[in-house]
Structures are given as structure tokens and as C-alpha cells.
Amino acid sequence: MPVLVRQKLRWEPTSLKMQTVQHSEQTLKTALISKNPMLVSQYEQLDAGERRLLNKAFKPDSDLFGPITLHSESDWIISHPEPPQDFEQFFSDPSRKAPSPEKRSIYIQCIGSLGNTRIISEEYIKWLKGYCEAFFYGLTVKLLEPVPVSVTRCSFRINDNTQNLQIHAGHILRFLKKKKPRDAFCIVGITMIDLYPRDSWNFVFGQASLTDGVGIFSFARYGSDFYSSRYEGKVNKLQKVSSSDYSVFDNYYIPEVTSVLLLRSCKTLTHEIGHIFGLRHCQWLACLMQGSNHLEEADRRPLNLCPICLRKLRCAVGFNIIERYQALVKWIDDESADIPGVSTEHSREDNVNLPKPVEAFKEWKEWIIRCLAVVQK
């Protein structure tokens, strides 16, 4: 079978439909540890258990970290060629921002509702907050009071392809930048409304400004029926939407909150915040920081960071790997949420017994436990 070489990656077709991004053990070792004596010394000072786990990156028999698989020409690595980023490049990046003692908070701003009742929306954002606190272990995650779309004063439109409403991502970033608190490392907006970055684009899952430490991410297309829901509200789809009449968002369709939707949301949120820390798209091993062009590719992307990206995040945040993994397991195990007091005025739709839907996270929990066994060996 032919071997294709591009961007220093070796693509080994394993079938007519699937290819594997394969690196040599030495390439992966250099990407993780570096040849810079200072960074090598820094690596050698890590706890022996942490090094044992990270070294799995270049062990061919590792069952924890596998290669990236490519399934079609539309996958990210093929359609968006970009240079890979090893640890040394991450560490030496002059534009990279890291949390400081004065700025160690991640703020989450909800725009519009995340659930079709107030209670669901409140609990959903709490679940996301808890997940971020575990994933970026050692930093504080704070929730800002949810705001309606009208407060952002953003432009919006109806997408010609899906007939669903969309809000302008760049305008939301501008709104978030003005709201960024003094102690914030970053502020990220989350919404269940589809996004577009400019008139000529169809849509975007999210957009961020690394220099400003702001991002906006939409979970709209992660709903199981997004592409069949077609907005049939107060706006004629053939008519131009007035960018000042925000009443079109009143009672706008919101997808059902399922375990798969929560998992996809957690992936997107942590991937995009990872970019704000300076982590570029991963091209080394199967990793959360892989780019994704479409939902199928995003679903193939794992929840975990590969050892190279894990070392980058550990360098930026300063967490203990064991404590971080334990916090993630605790988040998965804590299936119930703190339910606020609910008055009898709420409708029966406001189900006050909202277990966290973590069924889709069970496989990842087992993977984390295997990692902990390696670190604590």
C-alpha cells in the first residue's frame, strides 16, 4: 500500500475508507519531552507516576493513547493543513497566555436558555460548570447571570439551508469582551442558538479570540433533531429578519438535554477553552484537541487529552494529574445535582428531580481509572 507524506505526517491507509496518522516513537517522544535541556530537566522533575503515564504516548503497545484515524477527505487534518505544535513550541509561544494569581477564573455566560424549562437550563449550566472545574483542575469556574439574546445587541438571520435562526458570533465576542471581569483568565459564552461568523459563511460551532480571552460556542447542532426542526415561528423564511426585533427568540426551539448532548457540549467547551490556553489542534494522537469539520468527526474525538496536550495544559494550570483525574471521576459519579427550592407555581414540566445524564461518560470513566492505575502503580 502506498504511504502518503504531507506535513511530516505518515498516513497509512488501513482500508479504502480509513487512514491512520502514524508517527515514529522518537517523533512522539521529542514532541512530548523536547530536546531542549531545560525542558527535559523540567520533565524529569515530574512525579514518577505522571511520567509513567505520559510516556505511554510513545509506547506502541499502549492501550490508552492510540493514533488519529481519518475517515474521509473532509476530515480536519486533510482539509485544513496546519503545522503540528509540540510541547516546546507551546512552551515558547510568546503570544500564549497563562493564568496568573490575579486571573485564575473561567467565567461562563449563558446566552438564551439551555433547556426548555428554567430548572433544566439552570441545572445544565451547573453540570457544565462542574465539568470545567474538574477538567481545568485548580482554576475557579464562575457563572454569570444568564442573559437573553437582546442584551447582546447582536445581528441575527435565518440560515438559508436549515431555516433555523442564527446569531452573529463576532458581535457576541464583542459583548463578552466588555463584560469580562477583572479576575477572569477568560470568559466564554454558551448558547443553544446556531452561530455564523460572517454573511458569507454557513455556520460555525464556535469562535474565540485568544488575545482577548473570550469565546462563544453553540451546542445547537448537537441536538438530535436540529436538521429537521426548521424554524416555523414569527418570521417568514423568505423575508429578511429585522436585526432589532429580538422577539423572534421568544420560546425558540431548544433541543432535549440528553446524555449525548451533555457529552458533546463538554467536549466543545473544553476543546475551545483549551485553545484560549494556547493549545493548537492536535496532530499527534487521538485527542480532544483534534480539529473537527463535522459532527461525525467531533463524535470520534475522545474526551481525553493525549499526553502531549496534557503536559501543555498541566504546564499552564499547574494541576496534579492524579487529583485532576479523581475530580473528573467524581463529577461522573455525582449523578445528582443540587436542586434549588421549587415553589408550587412551577409547572409539572419543571421536573425537580434532575439526575445528571452521564450514561455517555461511563466508558471514559473506565479509561480514567486505567490511567490512575498506571500513575499510582
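Tutor: Axes are lines fitted to C-alpha atoms, for helices over the stretch in contact, with angles from 0 to 180 degrees between N-to-C directions. This is a predicted model, in which local features need pLDDT of at least 70, side-chain atom pairs count only at pLDDT 80 or more, and totals for chains, interfaces and linings use all residues. Residues are numbered from 1 along each chain as its sequence is written, and side-chain values use heavy atoms, leaving out hydrogens and water.

Student: How are α6 and α13 oriented to each other, roughly parallel or roughly antiparallel?

Tutor: Helix α6, residues 118-135, and helix α13, residues 321-333, have axes that come within 8 Å and cross at roughly 160°; helices (H or I, at least four residues) and strands (E, at least two) are DSSP runs, numbered from the N terminus. Angles under 35 degrees count as roughly parallel, over 145 as roughly antiparallel, 65 to 115 as roughly perpendicular and the rest as oblique. The two helices α6 and α13 are therefore roughly antiparallel.

Student: Which residues of α13 make the contact with α6?

Tutor: Contact means heavy atoms within 4.5 Å. On the α6 side the contact involves W127, G130, Y131, A134 and F135, and on the α13 side it is made by R324, A327, L328 and W331.

Student: How many residues of β5 are buried?

Tutor: Buried means under 20% relative accessible area, exposed over 50%, and partly exposed in between, with a 1.4 Å probe and protein chains only. Strand β5 is covered on both faces, with S105, Y107, Q109 and I111 buried on one side and I106, I108 and C110 on the other. In β5, residues 105-111, the number buried is 7 of 7.

Student: Which residue of β6 stands opposite Y107?

Tutor: Strand β5 is joined to β6 (residues 140-143) by 4 bridges, and the two run parallel. The residue of β6 that stands opposite Y107 is K142.

Student: What is the relative accessible area of Q163?

Tutor: Q163 lies in the loop between β7 and β8, and has a positive phi of about 60° although it is not a glycine. Q163 is buried, its relative accessible area being 13%.

Key. Two strands pair if DSSP finds at least two bridges between them.
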